Amino acid sequence: MSVNGSRVADAFTDGRTALWALVGLFLFLLEAGAVLNFVVSLTIDGLLAIPGVDAVGFLTAVENAVREIPTLLSRETIPNQGYFDGSGYEGTFLGLSPAMAWAFRATLVYLYAFAAFGWGVWGYRIYRREYRAADWTPRDDVFDRFRGHKWGIFGLVIVFMFVTMAVFAPALGPTTVDQNMRNSYGHEIDYWDSDSGSVETILVGDANLDSLSQGNDQNVEPWTYDDYGRFHPFGTMQDGSDLFTFLVVGSRISLVIGVLSVALSASIAATLALTSAYYKGRVDLSMVLVSDAVMAMPQLLLLIMLTTVLRESWINEVYSGGFLLALIFAFTGWTYMWRSIRGPALQISEREWIDAARSFGQRPTTIMRKHMLPYVTGYLLIYGSMTLGGAIISIAGLSYLGLGVAPPTPEWGRAVNLGQDYVRTGSWHISLIPGILITLVVTGFNALGDGIRDAIDPQSDSAGGETAGAGGGA
Amino acid sequence: MSDTLLEVENLRTVFHTDKETIHAVDGVSFDVQRGETVGLVGESGSGKSVTARSVLGLVEEPGVIEEGSIEFCGDELVGGNWDEHRGDIAIVFQDPMNSLNPVYTVGNQIKEALRIHQGLRGQAATDAAIELLEDVGIPDAARRVSEYPHQFSGGMRQRAVIAIALACDPDLLVCDEPTTALDVTIQAQILELLDELQREEDLGVLFITHDMGVIEETTDRVNVMYAGEFVESAPVEELFDDPKHPYTKGLLASIPGRTAGGDRLPTIEGEVPTSTSEPTECRFAPRCPHAFDACDEVHPERIAVGDPDADHETACLLYDDEFEESPPEDGVVADGGETA
């Protein structure tokens with residue numbers, strides 16, 4: 001205990017560590033508001049959906065208070081939604097054009113994200129060099145192998161950019177979901193009317209109606225302005241709303257559902273695999289039977305059935321039905337992970353320290369948690385990251401079919417669906433861009449999984465390994 | 001409290017595999033007194049370790065204790081009653097690298113046992129762990145308590161394993177080939193340590209090994225195990241002076257340095273059969289130099305032999321008056337007399 005205490009004290013007298021901590025604090029302060037906003041809004045969405053919780057007033061007050069905290073990367077600090085007043089831009093950051101202001105903010109967001117990542121790596125290195133008791137641990141080799149794994153690094157970069165997109169969704173979009181889609185008739189914008197030569201005001205909803213992308217006649221292409229001086233990095237959708245904003249916010253729900261379902265199925269899989277490996281015999285056999293039974297159920301049919309049956313229930317309200325999706329994915333998807341983990345778990349259960357612990361009367365749950373779980377977490381990571389890609393594809397597939405995440409909550413698969421009538425026209429971007437993004441992100445997750453596997457278990461053959469990402473099905 | 005710690009009666013542990021039923025331990029009986037060391041010796045595959053695991057209740061599916069009783073201090077353990085005596089019986093395994101979990105410090109693993117059996121936590125547990133490490137002869141215990149198993153040498157690791165066993169404050173220590181994975185000088189140190197601990201704590205020890213030399217040095221009574229059965233049981237001096245069963249003789253003859261001359265170390269040809277059915281014959285007969293017709297037809301029962309005071313038993317038809325063949329003369333070696 002005393003050792004730890006003195007280490008903390010050392011950390012503040014040691015220059016490098018103090019510098020590191022200061023940089024961390026600085027980075028956090030820049031974004032404290034956004035971080036809190038992200039956490040609070042997620043929790044509040046969840047809380048509000050639970051029946052019996054009646055605290056809307058209080059919760060929105062909290063949400064608004066959090067929103068007031070100034071942050072560097074917010075649209076208030078670096079605004080891009082201004083208008084041309086004949087001589088220059090009003091209301092944009094430093095009078096830049098809306099496109100430049102937006103690009104500046106987006107770049108800053110990614111720079112910030114990479115800086116935060118670098119800060120984490122820096123901290124780990126300081127810890128490794130100065131504070132860790134051992135000079136070398138097997139984990140160092142894992143990291144080194146991963147660093148040399150180009151495909152894995154590619155996956156990491158893609159996944160990291162995707163996660164950044166989800167985390168900074170409100171700051172990244174050129175406009176907001178509320179203003180541009182949900183409540184477009186509740187907001188007004190000013191724009192430069194070149195016919196009259198003056199600044200006019202229009203409802204966003206009306207402006208959207210004039211910015212439709214529906215083929216060759218009416219189209220707002222990627223990286224262009226519409227008639228109202230609004231910049232659209234990915235063009236507009238078929239209803240005139242901004243595609244980039246839609247996709248950025250859609251990434252958030254994909255990530256939340258994906259992570260939730262994988263975390264749930266990983267914990268089910270790990271618990272059952274450890275139990276069957278510890279008790280073996282009949283327990284193991286019964287679990288094989290159960291998992292085979294679950295595997296035999298057609299996942300897609302089950303999804304369609306359950307989403308339809310539970311459409312009216314409260315559980316379908318959480319995250320626009322995303323929570324229900326995550327639950328269904330978890331309860332149908334754990335079997336694949338369980339199968340993969342059971343083997344290593346059985347191997348570990350044969351080790352003598354398990355018997356030693358049993359012989360002195362350690363509880364089975366403690367033995368599983370303490371003496372077996374650490375040996376299967378690596379496999380959980382590998383299969384988790386691969387299944388995540390599969391989950392994201394499945395969610396997109398369901399939304400494409402009109403199931404799953406309920407409109408108007410943005411979801412990538414729905415964008416593909418909405419744009420499919422215009423694929424052969426000038427409005428190709430509505431389907432194609434989200435399609436490419438889905439492919440890229442899923443490939444990224446699979447690549448990351450490959451990289452982690454090769455790093456953890458160098459004997460495994462990366463060419464021969466089957467990827468769980470194909471398990472999307474839907 | 002009676003002096004009998006462990007009483008095993010007619011223990012049968014079988015493994016039901018898909019193909020066949022393996023009788024790993026087939027009707028063994030023995031007991032261990034307080035302060036006594038009982039040896040269990042035999043080749044690989046003779047059922048020694050399964051006996052040890054049965055005593056500790058560590059037999060896993062598909063294995064099952066089918067018959068017999070294991071009484072510890074008068075309490076029957078068979079039927080799942082081990083939990084009440086967890087920690088009273090401790091085990092030291094063969095390979096100390098495998099019986100220590102490499103991801104936790106040695107101290108952490110000793111404290112795990114201390115917490116369960118002595119309710120010690122935090123600093124008190126650490127102090128107790130250091131004390132235990134000192135007891136088993138690990139120098140600089142205060143520092144080494146926070147080291148990982150890979151930082152320990154083989155002998156040190158086995159000492160740490162013994163410390164974990166002692167943390168349970170056991171009455172009976174089961175040593176499953178504790179010295180097999182160690183080199184000879186370390187073996188001697190570990191044996192000495194075990195001997196010392198046994199005298200200090202008045203432990204009963206069930207000592208399993210395939211090394212006759214270790215048996216001679218450490219045990220009070222010896223049970224010679226072959227294919228799941230005890231073929232001979234005797235006090236250690238009696239067994240070494242006057243072995244009766246041809247298998248025992250073969251084992252003794254194959255100890256380097258015991259046979260005179262120096263041409264070629266005698267061996268017992270063949271290997272231990274896997275017992276898949278109830279025996280109808282002597283299981284050692286195919287390898288036995290003295291086998292005669294009846295050996296293939298009659299399963300030998302244990303009968304008293306040798307010095308009537310010595311409690312010496314063997315299961316061999318050579319000593320059964322019902323059968324004609326007379327016992328071989330002492331000194332004839334079991335491999336058929338090919339030796340010098």
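In this predicted model, 21 residues of chain A are in contact with 27 residues of chain B. The two chains bury about 2100 Å² between them. Carbon and sulfur atoms account for 48% of that area. On the chain A side, the residues that lose the most area to chain B are A:Glu352, A:Phe360 and A:Lys370. Together these three make up 32% of what that side buries.

The rule finds 4 salt bridges between chain A and chain B. One pairs A:Asp355 with B:Arg53. Their closest N and O atoms are 2.8 Å apart. Polar contacts join 14 residue pairs across the interface of chain A and chain B, with both residues of each pair at pLDDT 80 or more.

Which elements give two or more residues to the side of chain A that touches chain B? They are α10, α11 (281-296), α14 (352-359) and α15 of chain A. The largest share comes from α14(A), with 7 residues. By class, the residues on this side of chain A divide into 8 nonpolar, 5 polar and 8 charged.

**Helix packing inside chain A**

Two packed helices are described by the angle between their axes and the distance between the axes.

| Helix pair | Angle | Axis distance |
|---|---|---|
| α10(A) (residues 243-279) and α15(A) (residues 364-400) | about 145° | 7 Å |
| α12(A) (residues 299-309) and α13(A) (residues 322-349) | roughly 145° | within 11 Å |

Take α10(A) and α15(A). Their crossing is right-handed. The contact between them has 20 nonpolar and 6 polar residues, and no charged ones. Both helices also give two or more residues to the side of chain A that touches chain B.

Now α12(A) and α13(A). The crossing of this pair is right-handed. From α12(A) come A:Gln299, A:Leu302, A:Leu303, A:Leu306 and A:Thr307. They meet A:Leu324, A:Leu325, A:Ile328, A:Phe329 and A:Thr332 of α13(A). By class, this contact has 7 nonpolar and 3 polar residues. No charged residue takes part in the contact of α12(A) with α13(A).

**Residue classes, side by side**

Note on methods: Residues numbered from 1 in each chain as written. Chains lettered and ligands numbered in written order. Predicted model: local features only at pLDDT ≥ 70, side-chain atom pairs only at ≥ 80, totals over all residues. Heavy atoms only, no water. Axes fitted to C-alpha atoms, helices over the stretch in contact; angles between N-to-C directions. Helix = DSSP H or I, 4+ residues; strand = E, 2+ residues; numbered from the N terminus. Left-handed = near helix turned anticlockwise from the far one by under 90°. Nonpolar A, V, L, I, M, F, W, Y, C, P; charged D, E, K, R; others polar. Contact = heavy atoms within 4.5 Å. Buried area = accessible area lost by both parts, 1.4 Å probe. Salt bridge = Lys/Arg side-chain N within 4 Å of Asp/Glu carboxyl O. Polar contact = N/O pair within 3.5 Å; in protein donor to acceptor, adjacent residues only side chain to side chain.
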